[in-house]
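Please open the structure in a viewer and keep the selection panel at hand.

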Amino acid sequence: MDAKFAVEWKKGPSRGSVSTNYGTVSTAIIRGIGEAEGSSFFTDGSSIRLEVTVRSEDLQGAQAILVNIDTSEHPFSFFLRDVNKAYPIYIPAYGIAVTQAEDDRTYEQIQHDVKSLNLITDLQRIDDEPEETFASAAAHTRELASQTWLGLSRDVRIFGVGFRGIGGEERLWDWVQPRFHGFEVRLPENEDKPVCYRYMLGRGVGCVDGVTRRLEDGTLPILHASIADNDVVYDTVSFVSYESSPLNADTLRGTHYLAADGFGHFHMLTEEQTALRERILPQEMKRDEETVLYFRAVATNKAQVPRYAWFKNVVPNAFVLNDDMQYKFDGDNGFVSYSEDRICCVSRLGGQPLRTEETAVLLPPGESVTFEFYLPHRPISRERAEGLSRQSFEERWTECRAFWREKLSRAASIKLPEPRIEEMVKAGLLHLDLVSYGLEPGGTIVPTIGVYTAIGSESSPIIQFMESMGWNDVAERALRFFLDKQHEDGLMQNYGGYMLETGAALWSLGEHYRYTRDEEWVIKIKDHLLKAFDYLAKWRDRNKTEELRGKGYGMLEGKTADPEDPFRSFMLNGYAYMGMSRLAEMLRNVDPGSSALVDTEAQALKEDIRQGLFATMASSPVVPLADGSWVPTVPPWAEHRGPLSVNGEGGKWLTHGSVTARDSLLGPLYLVFQEVVRPDEAAAEFMLNYHHELMCTRNVALSQPYYSMHPWVHLKRGEVKPFLKAYYNGFSGLADRETYTFWEHFWHASPHKTHEEGWFLMQTRWMLYMEDGEDRLNLLPGIPSRWLENGNVIELDGIVTYFGEVTLRVESNLERNEIVAKVVCRSDRKPNTVSIRLPHPEGANPATIIGGSYSASRQTILVEQFDGNAEITLRFD
């Protein structure tokens with residue numbers, strides 16, 4: 001059986017050939033000057049039409065036939081099944097069209113017919129729409145509430161806190177869950193199974209939710225909740241402090257990083273690390289005092305007549321019938337216990353010991369009653385419980401508030417016209433800190449992520465945002481985790497068999513150097529760095545075999561994420577390149593010889609990756625876009641052809657709730673972020689377009705969206721509206737809208753997922769400031785234009801960049817027809833050029849520009865030869 005199609009070139013290639021993965025091919029020049037013989041053809045470079053016949057015994061297998069047109073300039077491939085004269089394969093970037101043989105239209109005619117439809121790509125549509133807002137995004141995305149994690153920072157003894165129905169986790173009770181980070185606390189009284197403490201405020205679960213929550217100051221790990229039960233409102237406060245010691249920077253001890261590491265899911269320890277952990281764990285587990293969850297509920301009668309307030313005291317593992325574990329309640333002291341000397345909760349009502357487990361209090365109009373409980377992380381002795389019962393809630397609350405505010409005072413200050421974003425920045429930094437465990441002062445920190453331990457890749461945005469906010473000392477301690485746990489052969493591997501950590505960790509180490517320029521630190525850790533490089537170089541050498549030419553030569557193979565895909569993935573290799581590239585920078589002054597060696601290897605790897613990328617692009621099928629055009633695609637690794645999700649070569653690729661996960665979340669678009677492909681290259685535009693249309697909704701990737709780096713690519717390309725579309729829809733659909741806690745996936749996997757929150761915070765950082773090369777700083781490259789409505793102020797005070805600390809103040813005085821900005825950088829490594837984007841909320845261009853040159857297309861002022869101070873004024877007619 002035969003299948004015929006025609007290829008139309010606007011300007012034909014000098015020579016080329018046609019091949020398929022199934023059947024035989026013959027070609028003929030139908031129009032234009034050239035020759036064809038067998039599967040090969042030659043042209044004079046003018047407009048040409050090539051007719052191709054594919055012969056196969058059974059074209060029923062045509063669903064799998066991939067046709068490759070191999071030419072020197074624009075090789076490409078397509079599925080034979082996709083050839084249709086009604087929807088021709090029109091590739092304007094290459095000046096090529098493919099259609100059925102009976103369709104005699106030229107390339108120009110096909111181009112005219114497609115363009116006459118007046119279609120646009122989905123990204124172009126976003127650019128034509130108004131800028132995205134949180135309100136618009138929230139109206140169209142999932143609302144995922146979550147439990148709230150509370151703790152002290154550094155200390156692995158934390159608590160999960162939730163209320164009935166919140167996040168779909170516990171529908172029947174209000175509850176507190178003690179945790180050793182990723183694992184629930186287990187008790188011998190419950191056959192060494194996890195214990196959850198449940199209680200109830202009000203009458204119970206009804207047809208109205210009635211629960212609202214908020215962090216104190218909108219930012220601190222102190223949870224406020226309100227439960228409206230008809231006329232009675234229960235206002236609650238929850239936070240964590242010590243059992244007896246005051247809470248402050250001097251008393252904070254923390255947990256040894258190896259002990260904490262073992263409480264993260266999928267942690268990996270060498271035999272030596274396992275032995276060390278076993279030695280220190282007893283000491284870490286048996287502490288002089290526990291962390292304690294302090295809880296208060298104030299019930300207030302809002303009616304004009306007396307109303308009852310109800311309280312059900314804490315019950316270990318309560319279920320439908322309200323008790324599931326053997327426990328005792330001591331009404332004389334308000335103690336809940338497993339035995340005489342194993343007290344798990346101390347409860348009070350109206351300042352006195354709680355007398356009964358279930359209480360109804362009749363409140364006059366406007367009157368209140370206070371219910372409190374103090375819940376130690378693990379049961380304590382009766383003597384200690386008596387001491388705990390004497391603690392003042394107000395004093396503990398005051399010191400906890402001061403503790404967290406002091407931490408924020410040591411970070412950069414960011415003030416924005418959108419309170420939600422400003423709060424999320426501050427809350428986010430503290431969320432990262434809350435689950436960064438290690439001994440104080442100054443010990444190694446494990447920068448964990450959700451219920452998991454640290455990963456070189458997923459911990460990178462956590463560490464780098466800390467750097468950006470001025471916590472460079474904390475970031476260095478977190479980076480030390482990867483050095484302390486490095487294997488003898490140089491491998492860095494801490495989680496679930498992932499093989500990309502070495503390169504990713506080197507990149508973050510290099511970013512720390514860019515922020516601090518601390519060459520003494522580089523000298524101190526140089527042996528670790530070179531050992532990591534040697535590991536990567538030897539790994540590369542194993543893949544420099546002739547059979548891999550054109551199939552991933554010189555590229556590293558290995559598992560990149562959860563799926564067991566031991567291939568030469570572009571993401572894995574991009575991290576290796578970026579890690580080597582940063583390492584060469586780090587060594588440039590302290591060890592020029594090693595720097596040159598590393599840089600040579602890095603550039604060779606980059607070239608091998610690019611060759612692998614363009615080879616697979618040529619052999620991967622083009623796909624249609626919304627404007628009627630088609631673009632080339634790339635698989636996630638060198639061994640495949642095309643996106644896995646289009647099933648060109650079969651296989652089972654659905655994972656983590658999405659068929660596109662490997663293509664999108666672990667795909668080749670990473671290479672733009674990883675500095676292998678320039679943002680302005682055609683390949684970057686191809687990948688952005690098909691990624692958006694095949695693998696995104698509202699420009700947000702599916703399942704675990706913050707694994708996709710396309711928002712960064714948009715910003716680098718100056719595409720503000722697509723960036724804002726991804727930015728707002730990403731966090732509105734994945735973060736708790738009241739407490740700002742992030743989930744890992746859209747399907748409620750892993751609460752308090754700081755990897756996702758870290759990338760949100762880095763997106764915010766890039767929206768506010770982003771370095772460009774070695775001597776330019778771009779300020780406000782991605783902010784919404786509405787942030788510059790009249791009266792609004794943007795202040796960035798002490799933000800840390802590659803060029804040192806920077807302060808920016810922008811004030812919109814559009815009532816006086818002007819926007820003013822002031823930039824200060826007192827560092828001795830200040831940028832040579834500063835650009836600041838100041839978009840007028842109605843798109844107007846300034847009539848007068850003072851302080852720099854203005855680009856109307858980018859709404860940006862350029863300050864060249866920046867001397868550390870710049871004052872800019874835009875005046876509008």
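Buried residues are those under 20% relative accessible area, exposed ones those over 50%, and partly exposed ones those in between (1.4 Å probe, protein chains only). This is a predicted model, in which local features need pLDDT of at least 70 and side-chain atom pairs count only at pLDDT 80 or more, while totals for chains, interfaces and linings use all residues. Residues are numbered from 1 along each chain as its sequence is written, and side-chain values use heavy atoms, with hydrogens and water left out.

Select Arg765 and Glu771 to begin. Both residues are buried, and their side chains meet in a salt bridge (2.9 Å, N to O). A salt bridge here is a side-chain nitrogen of Lys or Arg within 4 Å of a carboxyl oxygen of Asp or Glu; the structure holds 71 of them.

Next, display Arg213 and Asp736, whose side chains form a salt bridge at 2.9 Å, N to O. This pair links distant parts of the chain, 523 residues apart: Arg213 lies in strand 18 (residues 211-216), and Asp736 in the loop between helix 19 (720-734) and helix 20 (754-768). Helices (H or I, at least four residues) and strands (E, at least two) are DSSP runs, numbered from the N terminus. Arg213 is buried at 7% relative accessibility, and Asp736 is buried at 2%.

Move to Glu132 and Arg698, which are joined by a salt bridge of 2.9 Å, N to O. Glu132 is buried, with a relative accessible area of 5%, whereas Arg698 is partly exposed at 22%.

Now select strand 13 (residues 174-180), where seven of seven residues are buried. Asp174, Val176, Pro178 and Phe180 lie on one side, with Trp175, Gln177 and Arg179 on the other. Two strands pair if DSSP finds at least two bridges between them. Strand 13 pairs antiparallel with strand 12 (residues 157-162) over six bridges, and Phe159 stands opposite Pro178. Three bridges join strand 13 to the antiparallel strand 17 (residues 197-201), in which Tyr197 is the bridge partner of Val176.

Finish at Leu780 and Leu838, the residues with the most contacts inside the largest nonpolar core, which has 266 residues. Such a core is a set of buried Ala, Val, Leu, Ile, Met, Phe, Trp, Tyr and Cys residues joined through side-chain atoms within 4.5 Å.
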